[in-house]
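User: Got a model here that I'd like to walk through with you. Can we take it piece by piece?
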Amino acid sequence: MSLDWIISIVENNWHLLLRAMGITLLIALIGTVIGALIGFVIGIIDTIPKTKSPKQVLLKVVRFILACYVEFFRGTPMMVQAMVVYYGLDMALGIDLNILTAGILVVSLNTGAYMAEIVRGGIVSIDKGQYEAAQAIGMSHVQTMMHVVLPQVGRNILPATGNQLIMNIKDTAVLSVIGVNELFFQTKSIAGANFRYFEAFFIASILYLVMTFTATRILRWMERRLDGPQAFEKKEVA
Amino acid sequence: METVIDIKHLSKSFGSNEVLKDVNFEVKKGEVVTLIGSSGSGKSTLLRCVNLLETPNGGEIIYKGNDILKEMKNVEQYRTHLGMVFQQFNLFNNLTVLDNCIVGQVKVLKRSKAEAIKVAEEYLQLVGMEAYVNARPRQLSGGQKQRVAIARALCMNPDVMLFDEPTSALDPEMVGEVLKVMRKLADDGNTMLIVTHEMQFAREVSDRIVFMDKGVIVEQGTPDEVLLNPQHDRTKAFLQRTFA
């Protein structure tokens, strides 16, 4: 009976499964946060207004390099990226990364490439009037970005960032190719040890769903908090 | 009277489209100057050139004796001396009414937060929005937004207030509340440069009216001179269309 097997697998392996869930969440969360930071940096560099200063040449070079990075990580499967980063760093630079660190690095770089476009789109979509109003009270470009534009971008791209987080929770599964002990990898070994593939992966699917559903709810709550209260309190005026 | 802004031979083109051609004019301290003219006459562009939201192609902008275009490094500091009110309000959407009014004071003028709040409350009271300090822009009507935008500009204690069609995006019943605030500012002796289509208002508050057409100043003078006794055919034709 499948149900008996499911119960017995959970009973005997719950601590392993929990630990694997923890690793999956850890990689997905840290990867999304670092990826978002990378995205913000690239998005900001991409939208620096044109000036006549000689630094423009440097800016062009930096933008070209960043464009190459974005194209590579958006244009190749994360599974392949994991292999290239993990084995490549070791071969080329002699850096022997801890498997977990390699996993986080791959997810961060992959997310960063997607987030760069999301952030750039978010910055471009802010009304020109917001920039002009900030300039008109004497703000520099940096101040305008810090106090006016980026806070609005952050709020506007939160749904897309949440999407990335959910994709990352699921896509950590591909890191099993370099042996990261996340939920898919752990499930595979439990399944193999018991010769029970359907039951083991059925449990895994439920666990993935619990993680993504929880993440969705938390993100919705964050969006509502950032929007502030629907109504405002009128101040008493004497 | 001291000249605050002196504009000499100003020109501006967008591509091959010459929007301003050799414009000369000045604003004196305490003066209320209104720019009128049909759409596309260059009046908004002229106003936006004054605080360098548009970069002129030629000419000089002299602010209190300094040629601003030659000292482009101090643009940000220069802009703090000019308060700008936009047609589309452009309140910072991420900030409350109070924060809209203090962010510039704290970040640009480096005032303390306590002082900034005090200044903000004073000007929000002037525009009748002191009860709305905790509101966000999306919770306000157009007229309320524009009044907050005026307070935000005043908080920087500018020498000149610039108004770019401040009532053009408002529902008719909200125009009055904004004009009332502007009239109060004019009565208080503020230096104001206004682009507007509100002829009655222009007539009442202006010390001088400037009529522009096709990128040049056609004529200027007191409201009665320009509106009641125009010298140029183009002015007459414009006024006929406006009051027809």
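User: Start with Glu132(A): buried or exposed?
Analyst: Glu132(A) is buried, at a relative accessible area of 10%. Buried means under 20% relative accessible area, exposed over 50%, and partly exposed in between, with a 1.4 Å probe and protein chains only. Keep in mind that this is a predicted model: local features need pLDDT of at least 70, side-chain atom pairs count only at pLDDT 80 or more, and totals for chains, interfaces and linings use all residues. Residues are numbered from 1 along each chain as its sequence is written, chains are lettered from A and ligands numbered from 1 in the order in which they are written, and side-chain values use heavy atoms, leaving out hydrogens and water.

User: Which residue forms a salt bridge with Glu132(A)?
Analyst: Arg48(B) does, with the closest N and O atoms 2.6 Å apart. A salt bridge here is a side-chain nitrogen of Lys or Arg within 4 Å of a carboxyl oxygen of Asp or Glu. Arg48(B) counts as buried too, at 11% relative accessibility.

User: How many salt bridges are there over all chains?
Analyst: The whole structure has 16. Arg48(B) sits in helix H1 of chain B and Glu132(A) in helix H5 (residues 128-136) of chain A, so this pair joins two chains. Helices (H or I, at least four residues) and strands (E, at least two) are DSSP runs, numbered from the N terminus. Between chain B and chain A the count is one salt bridge.

User: Which parts of chain A does Asp227(A) link with Arg155(A)?
Analyst: Asp227(A) is in helix H9 (residues 197-227) and Arg155(A) in helix H6 (residues 141-156), 72 residues apart. Their closest N and O atoms are 2.6 Å apart in a salt bridge. Asp227(A) is partly exposed at 26% relative accessibility, and Arg155(A) is partly exposed at 22%.

User: And what about Arg208(B) and Glu31(B), buried or exposed?
Analyst: Both are buried. They form a salt bridge with the closest N and O atoms 3.0 Å apart. Arg208(B) lies in strand E9 (residues 208-213) of chain B and Glu31(B) in the loop between E2 and strand E3 (32-36), so the pair ties together parts 177 residues apart in sequence.

User: Switching to the interface. How many residues does each chain put into the contact?
Analyst: Chain B gives 31 residues and chain A gives 26. Contact means heavy atoms within 4.5 Å. The two chains bury about 2500 Å² between them, 56% of it on carbon and sulfur atoms. Buried area is the accessible area (1.4 Å probe) that two parts lose on being put together, summed over both.
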